[in-house]
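Dear colleague,

I am passing on the structure below, and after it you will find some notes on what I found in it.

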Amino acid sequence: MATQHSRSAARLMIAPAVFVLLVWMLIPLCMTLYFSFADYRPMRATFEPWIGFDNYVSFVTSSSFTNSVITTLQMVGGILCITIAGGIALALLLDQPIFGQGVVRILVIAPFFVMPTVSALVWKNMFFNVDNGLFSYLYKALGLQPYDFLSQAPVFSIVVIVAWQWLPFATLILLTAVQSLSSEQLEAAEMDGAPGWARFWYIILPHLSRAITVVILIQTIFLLSVFAEIFVTTNGAFGTRTLTYLVYQRVLESQNIGLGSAGGIIAVILANIVAIFLMRIVGKNLDN
Amino acid sequence: MGRITLENVQKRFGEVEVIPPLNLTIEDGEFVVFVGPSGCGKSTLLRLIAGLEDVSGGEIRIDGRPATDLPPAKRGLAMVFQSYALYPHMSVRKNIAFPLKMAGMDQAEQDRRIAKAAEALNLTDYLDRRPGQLSGGQRQRVAIGRAIVREPAAFLFDEPLSNLDAALRVGMRMEISELHTTLATTMIYVTHDQVEAMTMADKIVVLRAGNIEQVGTPLDLYREPRNVFVAGFIGSPKMNLLEGEHARAHGCKTIGIRPEHLDVVDSGGTFTGKIGVAEHLGSDTFFHVHIPGMAEPMTVRASGEVGLRHGDPIHLAPQADKIHRFDDKGLRIS
């Protein structure tokens, strides 16, 4: 009886939170769905509440859509590669006993606390700037022609900026995973004659696989919606237009709310497909 | 093929000397047990031999060859860890194959050795399972399997049975003893359990605070403990150690009487007291006897069933030739 009571009490008490969450999530989603089937261009004072799937068709068939999907995948893939490779390397380094370990660890985490807009501006002006950027000085010091990162390698530049921000996250999760590896396993491998690389490949890396999948899953979800870094640095030019950015441009630059909403719904669907795939992989990995 | 010599081997962690210079020879094919209370340095000593810790001084020789500076893998020793240290993401087969793979052995030879080890350890049906799907005893056997396929010069066991329940421990104890008779390879076994030491060892090394207190066969240690520490440590239940007037009567500082060397007599006897706790095991009966004027209760082991209970008066007579005498420094007087 007590459990019955407490269960219904719990339901009652959690109800407001669930309600607020639902409203917060459902109303914008429903509005977007509604607009996506409408021809809604406020600047031209057009509002046609139902035009069927026209918005979807024109969004998907435009050449910028395919390009933006490719750009998104390149960006997310590049960032994931850098953060995971770098995260593993940093985690293994930070696991070593060093002087001032606590301070070093805080410093490593620091980039995560910097707002995306700020870090993008810092990178843009301090590092990538052709005239005054540190990289330009470095190139000049080496007797080379300064390289304009943001216009000549724009996707790579944004990947570097976002990877720099997310590296601490990957490092942190992988570090805790590294620390949970029993030292006896490594010693056993050492006794079994495994040299350093084999211990990394056969013992440490499989042990980290679970943490790596978690990092991939969480980062992918956040990286699909990268926006500020693109907005601040290239404004979507030079082929840095991701799906998120395309939706933004359709809604705010072209003032075509219907088209943008359709794009938003497509982005949600694509993100969910990715999420389902990742969930399956992670689920499999977490099972054993 | 497995004679291990330690010459003045010592280990310091910073300022703390864990193992003062120590000499020990382990003969080929011997089953040597390092036994001692926790923190006595027995595991450290084993890790020094394995090469997982660097010695602070002295020399280790394996089969006459200096091994002090060799990395663990080059010493030709295999180790079974307390936590088994199996690789959780590999199947049993891959776990056992790992040292062979690392040695670059060809596949056919690997398969042959794995099959042989699996058969010897009753693991054939489990080769494709993961360690997580095995019971404690099976995991233990996989760990042993991983050690034996390498055909090492010596096996090192670091408290391998302490994670098993009591019944399984007795079974595994026998299996390891049998393995030793079939393989006839040197084994060094670390434990804090003196029963394991007594039942398995050819030679017991009793350690205390990094010092070797005594080396000998189990029965040597039982019959002639060199000092009070060994006397109290070897034997179950523990030896009764008495000081004061009883010891002075024998002309020494301390006398030791094993519980099984005290006879229960109807009257008279040297000690008279009241039974505190009586443990009836059927085959034996243990009495904890409170004797006036003695701080610790005295433990008595009587064979068979004895019809005495809590609170009954009891008379005890020690067997005169089985009394151990120790001097002021705790050393045996023979």
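To begin with the interface, 14 residues of chain A are in contact with 16 residues of chain B, where contact means that the C-beta atoms of two residues, placed from the backbone, lie within 7 Å. Helix 9 (183-191) and helix 10 (196-223) of chain A each supply at least two residues of this side of chain A, helices being DSSP runs of H or I with at least four residues and strands runs of E with at least two, numbered from the N terminus. Helix 9 of chain A gives the most, with 6 residues.

Please bear in mind that this is a predicted model, in which local features need pLDDT of at least 70 and side-chain atom pairs count only at pLDDT 80 or more, while totals for chains, interfaces and linings use all residues. Residues are numbered from 1 along each chain as its sequence is written, and chains are lettered from A and ligands numbered from 1 in the order in which they are written.

In chain B, 6 strands form an open sheet of mixed pairing, in the order 6-7-8-3-9-10, two strands being paired if DSSP finds at least two bridges between them. Its edge strands are strand 6 (77-80) and strand 10 (211-216) of chain B, each of which pairs on one side only. Within the sheet, strand 3 (residues 31-35) and strand 9 (residues 203-208) of chain B run parallel and are joined by 4 bridges, and Val33(B) stands opposite Ile204(B) in strand 9 of chain B.

With kind regards
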